[in-house]
Amino acid sequence: MANFTHDHGDTTWVMTSTALVYMMTPALACFYGGLVESKNFLNQLFLSIVCMALVPVQWCLFGYSFAFGSGNSVFGSFEYALDRKIGLVNLYGENVDTINPLTIPSLTYSAFQCAFAIITPALISGAVVGRMKLIPYMIFVFLWTTFCYDPLARWIFFNEGWLHQMGVIDFAGGLVVHMSSGVSGLVAAFILGSRAHFDPDVVNSGQTNLPFTIVGTGLLWVGWMGFNGGSALTATGNAALAIVNSNAAAASSMSMWIVLDIIHGKIRGQNNVFVSIPGVCSATVVGLVVITPSAAYIQPGYAVLVGLIGGFVVNLFLAGKKHFFHVDDTLDVFSCHGLGGFIGTLTTGLFCQTDVSRDVKNGAFYGNPIQLGYQLFGILIVTVYSFVCTVAILLPMHFTIGIRINRLDQVRGLDNVAHGVVDIEALQKVTQKKLPQVKPKPNDINVPSVVSIEEK
């Protein structure tokens, strides 16, 4: 048994960051919920929250062991299954985990990584709004976390992972979290098919609870301080740099989106300034996504540039999506997370510096163009692997137990169909409609309403 002295400051920071990242899943539920129709509002909240029930169980049983346990550069093992080995920690800082020697307890590290594993499949739920059965969805979340997320985390986050050893850089999940969920969301949307009454030409369909989206955006932004800052795993300048860069990228992406909205409005001939609330909220998320792979590896000035590039590219992609891309990725999971992760991973290969962090080599802008090649290879592997895993999980269920809600139930809404919730306001609107007048039958015209009885 090896002895390590845990740093109390590092431990406190990572535990705080764990709580912030856990908060991001309910925040994501609010963000998504505000963008769907009222009849699917509660169901959309549930699709995110249920990941907080399924993934921690998987993570404790074998997920952490598969991703960060003993094994080789590709596969983990069952050594840390049930957390039975990393749980042997006491007040004196004794720790049996020699595979991941850190200044924090192994249980702290496991909890932090579990928060990432929770939110990643929850992101996919935005692509299957209003048309996926609950049981197949929950099976998918469990299997996808096991066969897709855990291996990717091992390959890239784990120090001995083969992509990490090759030189692929991903500080906090641009590939492992965002690209994987973006690609998988797109594939899931394609396999499920479009919603009933889906119209790609209708831009703002069903956005009836936008205050929830605004609140969710704010909470995601705050949570991302733990998401990126906590990934430094120490309470040092690396964590501070990650937080500064995250804020800078989110703000610059939002600013770019606002400017583009104003320009688009003027082109359409609008007299007043037009700024889309869902667009601005999405821009914030895009900025945070694109900075995630490089948050502690680039200068703040580059973080502003990365946010501007991400906001510009994703905005233009969404503007052309309805004309050329008719897959019903309902809440733009691929556009924001898949494309955002792609942009962030590429810019990491351009702007990362050894002078900023000794954990990485210089990028292409600093005399090391091969780093850009490593990043492209990482993108290719994650894209292909996520695609294959999603197809392998969903198609068998599609052809056996079925994964799609029928058209009539989609029209009714999943709040009612899947959760038994009745929309009283909608029901009142239906009952208040005037019924057609029924003409009385000829024989009923002279029927008296009161029958008198004469006394004898």
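Reply: The expected span of a helix is 1.5 Å times one less than its number of residues. The model discussed here is predicted.

Me: What span should helix H4 have at 1.5 Å a residue, and how far apart are its end C-alpha atoms?

Reply: Helix H4 covers residues 106–124 and has 19 residues. At 1.5 Å a residue, H4 should therefore span 27 Å. Its end C-alpha atoms agree with that value, being 28 Å apart.

Me: How many residues of H4 are buried?

Reply: Buried means under 20% relative accessible area. H4 is largely enclosed by the rest of the structure, because the residues that count as buried are 17 of the 19.

Me: How many helices and how many strands does the protein chain have, and what percentage of its residues count as buried?

Reply: The protein chain has 16 helices and 0 strands. Among its contacts between residues at least 6 apart in sequence, 78% join residues at least 24 apart. Of the 456 residues of the chain, those that count as buried make up 52%.

Me: Which helices are included in what covers the buried residues of H11?

Reply: The buried residues of H11 include Gly307, Gly310, Gly311, Val314 and Leu318. Tyr302 and Lys321 of H11 are also buried. The cover over the buried residues of H11 includes helix H9 (237–267), helix H10 (277–291) and helix H12 (333–351).

Me: At roughly what angle do the axes of H10 and H12 cross, and what does that make H10 relative to H12?

Reply: The axes of H10 and H12 come within 8 Å and cross at roughly 40°. That angle makes H10 oblique to H12. On the H10 side, the contact is made by Ser282, Val285, Val286, Val289 and Val290, while the H12 side includes Gly340, Gly341 and Gly344. As for handedness, the crossing of H10 past H12 is right-handed.

Me: How do the axes of H9 and H10 cross, and with what handedness?

Reply: The axes of H9 and H10 come within 7 Å, with a crossing angle of roughly 140°. H9 is therefore oblique to H10. Residues of H9 including Ala249, Ala250 and Trp257 meet residues of H10 including Ala283, Val286 and Gly287. The crossing of H9 past H10 is right-handed.

Me: Which helices do the buried residues of helix H13 pack against?

Reply: Helix H13 (residues 370–399) has 30 residues and reaches 44 Å between its first and last C-alpha, close to the expected 44 Å. Among its buried residues are Gln371, Gln375, Thr390, Ile393, Leu394 and Met397. The buried residues of H13 pack against H5, helix H7 (174–192) and H12.

Me: How far apart are Phe140 and Ile393 in space, C-alpha to C-alpha?

Reply: Phe140 lies in helix H5 (residues 134–156) and counts as buried, at 3% relative accessibility. Beyond four places away in sequence, Phe140 touches Ile124, Met132, Thr390, Ile393, Leu394 and Met397. Phe140 and Ile393 are 253 residues apart in sequence, yet their C-alpha separation in space is 6.6 Å.

Me: Is Tyr80 buried or exposed, and what distance separates its C-alpha atom from that of Tyr64?

Reply: Tyr80 is placed in the loop between helix H3 (51–68) and H4. Its relative accessibility is 2%, so Tyr80 counts as buried. Tyr80 and Tyr64 are 16 residues apart along the chain, and their C-alpha atoms are separated by 7.2 Å.

Me: What is the phi of Leu233, and what is that of Asp332?

Reply: Leu233 is found in the loop between helix H8 (210–229) and H9, and is buried with a relative accessible area of 16%. Asp332 is found in the loop between H11 and H12. Leu233 is not a glycine, although its phi is positive, at about 65°. Asp332 is likewise not a glycine, and its positive phi is about 60°.

How values were computed. Residues numbered from 1 in each chain as written. Predicted model: local features only at pLDDT ≥ 70, side-chain atom pairs only at ≥ 80, totals over all residues. Heavy atoms only, no water. Buried < 20%, exposed > 50% of the residue type's maximum accessible area, 1.4 Å probe, protein only. Helix = DSSP H or I, 4+ residues; strand = E, 2+ residues; numbered from the N terminus. Contact = heavy atoms within 4.5 Å. Axes fitted to C-alpha atoms, helices over the stretch in contact; angles between N-to-C directions. Parallel < 35°, antiparallel > 145°, perpendicular 65-115°, else oblique. Left-handed = near helix turned anticlockwise from the far one by under 90°.
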